Amino acid sequence: MEGKALLAVSFGTTHEDTLEKNIAAIERDLAAAFPERTLRRAFTSGMVLRRWKKERGVEIDDVPAALERLAGEGYTDLLLQPTHVMNGEEYHKMLQQTERFRDRFDRLAVGAPLLTAAEDYLDLGRALMEVLPPKAEERAVVYMGHGSEHQANSAYALMEYAFHDLGRSDVIVGTVEGYPNFDAALRRLKERPAVREVELRPLMTVAGDHAKNDLAGEEEDSWKSRLEGMGYRVSCVLTGLGEYPQVRALFVDHARKAQA
């Protein structure tokens with residue numbers, strides 16, 4: 001009998017709480033949607049994998065190790081679904097690693113990251129609008145994405161445009177390691193002089209180090225501290241994208257499309 005497997009691939013996180021609330025939650029929804037497939041986990045971040053092994057003695061597979069294990073166990077039909085937000089460096093690294101194993105499986109299908117097709121941006125915008133506070137003249141919602149030097153970094157500006165197109169011109173998207181950065185997001189915030197209150201949220205699959213420190217930390221260079229120093233009232237919602245059922249459903253839909 002042909003063996004079917006589903007490999008959920010994430011960048012990874014060193015925070016056990018966010019692992020359970022985000023990555024594991026996406027994996028559970030994928031497992032429920034594909035009960036005929038054996039679910040496995042892999043991380044793409046070498047730093048994250050090394051820390052799990054060094055600090056906790058836990059070995060988590062990277063993508064080649066997971067694929068080698070699945071092929072060795074006799075699985076012939078593999079569906080691989082990433083939990084990455086965009087088609088960036090980690091996703092392309094995963095694709096390159098996967099291609100080397102293509103002849104080891106009778107069928108190998110790869111799902112798309114969260115933001116791939118134009119419609120994905122509107123789908124994510126609609127999903128997140130279900131959890132945003134009502135639009136108000138005196139308040140803005142500022143999302144922090146990770147950011148990258150990869151050309152896929154344009155996804156963040158496109159995501160802000162999608163929010164505005166859906167009627168939420170109060171949403172601003174910045175990144176911690178790319179463009180638009182905090183200063184660019186701040187310039188757009190200042191274009192709305194009526195805003196006195198800012199709600200900060202992570203635009204990341206998991207709310208880990210960047211969300212807890214760069215976004216909401218008490219250090220003077222965090223986004224929260226910098227905005228408070230300018231007189232804004234700041235609140236933080238440290239919820240990773242993987243915690244929202246509406247967003248997890250988008251990953252499941254990408255996996256279904258890849259399998260079709």
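**Before you start**

The model is predicted, so local features need pLDDT of at least 70, side-chain atom pairs count only at pLDDT 80 or more, and totals for chains, interfaces and linings use all residues. Residues are numbered from 1 along each chain as its sequence is written, and side-chain values use heavy atoms, with hydrogens and water left out.

**Stop 1: the aromatic pairs**

The structure holds 2 aromatic pairs. Rings of Phe, Tyr and Trp (its six-membered ring) pair if their centres lie within 6.5 Å; planes under 30 degrees apart are stacked, over 60 edge-to-face, and the rest tilted.

Select Y143 and F163. Their rings are stacked, 5.6 Å centre to centre, with 15 degrees between the planes. Y143 sits in strand β5 (residues 139-145) and F163 in helix α6 (residues 155-165), so the pair ties together parts 20 residues apart in sequence. Helices (H or I, at least four residues) and strands (E, at least two) are DSSP runs, numbered from the N terminus.

Buried means under 20% relative accessible area, exposed over 50%, and partly exposed in between (1.4 Å probe, protein chains only).

Now select F182 and W223. This pair is tilted: 5.3 Å centre to centre, 55 degrees between the planes. F182 belongs to helix α7 (residues 182-190) and W223 to helix α9 (residues 223-229), so the pair ties together parts 41 residues apart in sequence. Both F182 and W223 are buried.

**Stop 2: a charge over a ring**

Go to W52. R56 lies over its face, 4.1 Å from the ring centre. The test asks for NZ of Lys or CZ of Arg within 6 Å of the ring centre and within 35 degrees of the ring normal.

**Stop 3: two helices**

Show α5 (residues 118-129) and α10 (residues 245-259). They pack at about 155 degrees, with axes 9 Å apart. Axes are lines fitted to C-alpha atoms, for helices over the stretch in contact, and angles run from 0 to 180 degrees between N-to-C directions. The two are therefore roughly antiparallel, a label for angles over 145 degrees.

Which residues of α5 and α10 meet? D120, D123, L124, A127 and L128 in α5 meet Q246, V247, L250 and H254 in α10. Contact means heavy atoms within 4.5 Å.

**Stop 4: a loop residue**

Finish at Q151, in the loop between β5 and α6. Q151 is exposed, at 64% relative accessibility. Its C-alpha atom is 33 Å from that of D106, 45 residues away along the chain.

Technical notes
Angles under 35 degrees count as roughly parallel, over 145 as roughly antiparallel, 65 to 115 as roughly perpendicular and the rest as oblique.
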